[in-house]
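Colleague: I have a few questions about this model. Can you take me through it?

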Amino acid sequence: MTLTPLQTLGIILAVAAGTQLTRWLPFWLFPEKKAPPAVVTYLGKVLPPAMMGLLVVYCIRNVSWLAVPHGAPELLSIAAVVLLHTWKHNVLLSIAGGTALYMLLVQAVFV
Amino acid sequence: MEETKQHRRRAVLRAAFPATVPVMTGFLCLGVAYGMLMQAEGYGPVWSVLMSAIAFGGSMQFVAITLLTAAFDPIQAFLLSVMVNARHMFYGLSLLDKYKGLGKVRPFLIYVLCDETFSLVSTLEPPDGVARKDFYFYISLLDYLYWIAGTALGGLVGNLITFDTTGMDFALTALFVVLFLEQWKRPENRPAGLIGIACAVVGLVVFGPDNMVIPAMVLVLAVLLGGRRHLDRRGEEGAL
């Protein structure tokens with residue numbers, strides 16, 4: 001431990017406060033009793049698909065595309081998830097299949 | 001009375017638990033990794049669990065390890081948390097409607113609103129006979145508990161795990177891919193989905209992996225607002 005227990009608690013609370021601010025802010029700005037402006041309702045409709053796309057890219061942000069294997073495990077596994085999901089429409093199967101393939105690829109194929 | 005209550009809870013769990021299984025896989029792996037990293041820096045399970053339970057900040061908690069091993073600077077910790085977690089603001093904006101009128105559970109739902117819970121709640125619909133409030137509550141609670149359980153495991157017995165879990169956290173990437181596909185099923189969601197991917201790629205290429213999120217978010221917001229006239233289809237029946 002680098003910090004004292006009290007300082008550690010201070011960091012925990014500071015991280016919690018910063019995180020909570022980002023979680024509560026929209027709900028404070030647009031309280032439930034008042035109808036939010038139309039533009040906010042619009043954003044509420046289009047942001048979920050946009051953020052899902054952003055999160056997929058965010059998850060693979062640390063891949064080194066220029067070095068071998070050029071993100072092959074990630075791209076192959078994502079392709080497997082897409083194929084499995086369009087074929088079987090089973091959320092758990094798609095995720096389990098993609099994850100198993102990824103583990104195989106990073107542990108045994110592209111080592 | 002008691003029996004119907006229990007019955008109801010079972011029905012909710014039957015709907016909510018399967019939806020959270022991918023999150024369980026990912027959170028247990030990452031939680032264990034977090035607990036072990038904290039342990040390696042001399043912060044035992046009490047500290048790592050406290051951080052996970054109070055801050056519940058996912059990737060920010062990994063960043064915070066560097067804050068815990070440097071000179072005490074809570075202001076920097078606060079500002080860094082706001083920046084790393086800025087994407088939560090978009091989640092709240094998207095859930096204003098779904099989280100309306102949920103009464104007592106609402107503050108808890110907001111407190112533990114993370115990437116994974118947002119993705120599930122914004123994409124999935126509770127099955128018939130399951131109350132919206134209960135469905136959201138159990139998804140949020142289970143995800144929260146997985147993270148804490150993973151952290152505790154990592155801090156307590158992390159070094160006993162001999163099974164090679166490398167790559168298991170891909171479950172979260174796969175989850176986001178699947179939920180993206182679920183969103184994709186509705187044709188009116190497709191342009192926004194592509195905008196999200198494109199803006200994230202631009203953010204990644206221009207600003208690099210460590211600083212991509214906020215530029216990508218700003219870009220998403222700008223494109224969505226700029227393209228509102230094309231993307232906003234009024235009169236379409238509610239997208240509930």
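Modeller: What follows goes from confidence and overall shape to the chain contact and some backbone details.

Modeller: This is a predicted model, in which local features need pLDDT of at least 70, side-chain atom pairs count only at pLDDT 80 or more, and totals for chains, interfaces and linings use all residues. Residues are numbered from 1 along each chain as its sequence is written, while chains are lettered from A and ligands numbered from 1 in the order in which they are written.

Colleague: What are the scores of the model, ipTM and pTM?

Modeller: The ipTM is 0.92 and the pTM is 0.87. For chain B the average pLDDT is 91, and 95% of the residues score at least 70. pLDDT is the predictor's confidence in each residue, from 0 to 100. Where pLDDT is low, the predicted coordinates should not be read in detail.

Colleague: How many helices and strands are there in chain B?

Modeller: Chain B has 12 helices and zero strands. Both are DSSP runs numbered from the N terminus: helices are H or I with at least four residues, strands E with at least two.

Colleague: Which share of the contacts in chain B with a separation of 6 or more comes from residues 24 or more positions apart?

Modeller: Those residues account for 75%. Contact here means that the C-beta atoms of two residues, placed from the backbone, lie within 7 Å.

Colleague: Domains next. How is chain B divided?

Modeller: Chain B has domain 1 (2-185) and domain 2 (186-240), with bounds from an automatic or database domain assignment. Their centres, taken over C-alpha atoms, are 24 Å apart. Eight residues of domain 1 of chain B are in contact with seven residues of domain 2 of chain B. On the domain 1 side, H9(B) gives the largest share, three residues. By class, that side has five nonpolar, one polar and two charged residues. Ala, Val, Leu, Ile, Met, Phe, Trp, Tyr, Cys and Pro count as nonpolar, Asp, Glu, Lys and Arg as charged, and the others, Gly among them, as polar.

Colleague: What about the domains of chain A?

Modeller: Chain A is split into domain 1 (1-34) and domain 2 (38-109). The C-alpha centres of these two domains of chain A are separated by 30 Å.

Colleague: How many residues does each chain bring to the contact between A and B?

Modeller: Chain B brings 81 residues and chain A 62 residues. Helix H9 (residues 170-184) of chain B gives the most to the chain B side, with 13 residues. That side of chain B divides into 55 nonpolar, 20 polar and six charged residues.

Colleague: Which residues have the most contacts inside the largest nonpolar core?

Modeller: Leu54(A) and Phe176(B), in a core of 100 residues. Such a core is a set of buried Ala, Val, Leu, Ile, Met, Phe, Trp, Tyr and Cys residues joined through C-beta atoms within 7 Å. Helix H1 (residues 2-40) of chain B gives the most to this core, with 13 residues.

Colleague: What does Leu54(A) touch, leaving aside its neighbours within four places in sequence?

Modeller: Leu54(A) is in contact with Gly196(B), Cys199(B), Ala200(B), Ala216(B) and Val220(B).

Colleague: Switching to the backbone, where is the cis peptide bond?

Modeller: The cis bond joins Val68(A) and Pro69(A), with omega about 5 degrees. Pro69(A) is in the loop between helix H2 (38-59) and helix H3 (72-88) of chain A. His70(A) is found in the loop between H2 and H3 too, and has a positive phi of about 55 degrees although it is not a glycine. Most residues other than glycine have a negative phi, and most peptide bonds are trans.

Colleague: Is His70(A) buried or partly exposed?

Modeller: His70(A) is partly exposed, because 13 other C-beta atoms lie within 10 Å.

Technical notes
A residue is buried if 20 or more other C-beta atoms lie within 10 Å of its own, exposed if 12 or fewer, and partly exposed in between; C-beta atoms are placed from the backbone.
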